[in-house]
Amino acid sequence: MAVPDGWFPDADYIEFVRPGGSGEGADDHHALYTRESLGKVLEAAGFHVEPVEFYDHGGDFHGSDWSPDDGLVRRSSPFCRDYKFGDRWYTSLILDGIKPTEARGA
């Protein structure tokens with residue numbers, strides 16, 4: 001899952017992506033999530049959460065190796081060069097939500 005990152009450390013990015021913000025597509029956004037808040041939603045729905053890319057509350061970026069073969073996210077650290085905010089390129093909050101094996105019928 002990829003959504004705008006509520007902890008992205010730039011006020012212009014937040015204005016660009018927030019619900020009702022100035023960026024293209026912001027009118028479709030209904031919430032601005034962080035790793036913690038979206039993780040809680042996914043966990044409440046029974047998913048195990050594995051963070052892929054996110055900013056923490058202190059503004060530090062965290063990313064793991066991932067393959068676009070698992071689902072290409074264009075607005076991510078390795079692929080997005082469309083928008084720059086300060087010295088940072090646009091990234092998304094990316095989390096993998098994994099259903100436990102027993103819930104998948106395996």
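Among contacts in the protein between residues at least 6 apart in sequence, what percentage join residues at least 24 apart?

1. The answer to the opening question is 56%: that share of the contacts between residues at least 6 apart in sequence links residues at least 24 apart. The model under review is a predicted one, and the points below should be read accordingly.

2. As to overall composition, the protein contains 2 helices and 6 strands. Read from the N terminus, the elements follow the order β-α-α-β-β-β-β-β. The radius of gyration is 14 Å, close to the 13 Å that the globule rule gives for 106 residues, so the protein is as compact as a globular protein of that length.

3. Regarding extent and surface, the C-alpha trace spans about 45 × 25 × 25 Å along its principal axes. The accessible surface amounts to about 6,400 Å², and carbon and sulfur atoms account for 49% of it. Of the 106 residues, 32% count as buried.

4. An open sheet is formed by 4 strands in the order 1-6-2-3, with antiparallel pairing. Its edge strands are strand 1 and strand 3 (61-63), each of which pairs on one side only. On average, neighbouring strands of this sheet are turned by 30° against each other, direction ignored.

5. Strand 6 (residues 92-98) pairs with strand 1 (residues 2-4) in the antiparallel sense, over 3 bridges. Within this pairing, Val-3 stands opposite Leu-93 of strand 6, while Pro-4 stands opposite Ser-92 of strand 6.

6. Strand 6 also pairs with strand 2 (residues 48-55), again in the antiparallel sense, and here over 5 bridges. Val-49 has Gly-97 in strand 6 as its bridge partner.

7. Which strands does helix 2 lie across? Helix 2 (residues 35-44) lies across strand 1, strand 2 and strand 6, and runs at about 20° to strand 6.

8. Is Gly-86 buried or exposed? Gly-86 is located in the loop between strand 4 (84-85) and strand 5 (88-89). Its relative accessibility is 62%, and Gly-86 therefore counts as exposed, the cut-off for that class being over 50%. Gly-86 and Asp-10 are separated by 76 residues in sequence, yet their C-alpha atoms are 7.2 Å apart in space.

Conventions. Residues are numbered from 1 along each chain as its sequence is written. This is a predicted model: local features need pLDDT of at least 70, side-chain atom pairs count only at pLDDT 80 or more; totals for chains, interfaces and linings use all residues. Side-chain values use heavy atoms; hydrogens and water are left out. Two strands pair if DSSP finds at least two bridges between them. Axes are lines fitted to C-alpha atoms, for helices over the stretch in contact, and angles run from 0 to 180 degrees between N-to-C directions. Contact means heavy atoms within 4.5 Å. Buried means under 20% relative accessible area, exposed over 50%, partly exposed in between (1.4 Å probe, protein chains only). The radius of gyration is taken over C-alpha atoms; the globule rule is 2.2 Å times the number of residues to the power 0.38. Accessible areas come from the Shrake-Rupley method with a 1.4 Å probe; for residues, only the protein chains shown count as cover.
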